[in-house]
Amino acid sequence: MILPAISSSSPAITVRIPCRLTIGFLSRRKKMAVSQFSSSSPSTLISCSSASTTTSTTTATDGKPKPWLFVGLGNPGKLYNGTRHNVGFELVDAIAEAEGISMSSVSFKALSGKGILQTLLGFLGVSFKAQFGEGHIGDVPVMLAKPQTFMNLSGQSVGSIVSYYKIPLKQVVVIFDDMDLPFGALRLLPKGGHGGHNGMRSVIDHFKGSRDFPRLRIGIGRPTGKMDGASFVLRPFNKQEREELDFTFQNGYDALRILLLEGFDKSATFTNSASKSESKSMKQLG
């Protein structure tokens, strides 16, 4: 169980995190503790003693902070459970379990946006479903979402959620699979293009072309032989890969927690260092 001691008497958030934390979502397969970060240096990612840190969460007009939205991309249905294309879904599930956030099916009305189809959907009042949950990480309000529109139409659901709750794009983190990264590697970026990923292409389209939102990419590797990418992303992981994904999801959860409590730069540093350590460990195992 994660037990950070958090106090907040101003918009700045003061965080004191125990040196050893047990992540609940790994209990299904194995208990695993977060690596200890002990240092007197100001650059420590998670300090064993209390340290004052701030997060750039937007505040609404009523004085309450705007929530962050963590969106995992994937395909709904049992047929796609455990496939490479659904690692975004799985990380959101891991966060929900670790933080005790209940997920349920919610419908969001379609936006009236650019394009004939989008305008028609908005006019007809069409709704798009998402697995959705609300809670907190520390004192920071968060929303978790898994669009149920299938991967290539992810933006229809994500765009509707962002519009309904008026969430600033800088507080929307999209989590998705990436064949251009080695298996298990993570990359946290403040903005960027879709990189050929159709789910991200749809999200950007429904953000009216804006690419200025954070994203967490999860490496799934590339197919071997003559297998095409479309078939590869719909394949399940083998037993060894599934075990290694536990560490990847652990690191992904830690990175997003650090993002909220300590800021983007420290989270990106942690993500890159964690991915390098993971890659080194995999080579040693191989």
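Guide: Start with Val-71, which stands opposite Ala-145 in strand S7. This is a predicted model, in which local features need pLDDT of at least 70 and side-chain atom pairs count only at pLDDT 80 or more, while totals for chains, interfaces and linings use all residues. Residues are numbered from 1 along each chain as its sequence is written, and side-chain values use heavy atoms, with hydrogens and water left out.

Strand S7 covers residues 140–147, and strand S4 covers residues 68–72. Strands (E, at least two residues) and helices (H or I, at least four) are DSSP runs, numbered from the N terminus. S4 and S7 run parallel and are joined by 4 bridges; two strands pair if DSSP finds at least two bridges between them.

In a regular strand the side chains alternate between the two faces of the sheet. In S7, Val-140, Val-142, Leu-144 and Lys-146 point one way, and Pro-141, Met-143, Ala-145 and Pro-147 point the other way. Residues on both sides are buried, and the count for the strand is 8 of 8. Buried means under 20% relative accessible area, exposed over 50%, and partly exposed in between, with a 1.4 Å probe and protein chains only.

Because 9 of its 12 residues are buried, H3 is largely enclosed by the rest of the structure. The buried ones are Ser-154, Gly-155, Gln-156, Ser-157, Val-158, Gly-159, Ser-160, Ile-161 and Val-162. After H3 comes Lys-166, whose phi is positive, near 55 degrees.

Another buried residue is Gly-252, with a relative accessible area of 0%. Gly-252 lies in helix H6, residues 239–262. Setting aside neighbours within four places in sequence, Gly-252 is in contact (heavy atoms within 4.5 Å) with Leu-91, Leu-186 and Leu-216. Leu-186 is 66 residues away from Gly-252 along the chain, yet their C-alpha atoms are separated by 7.3 Å.
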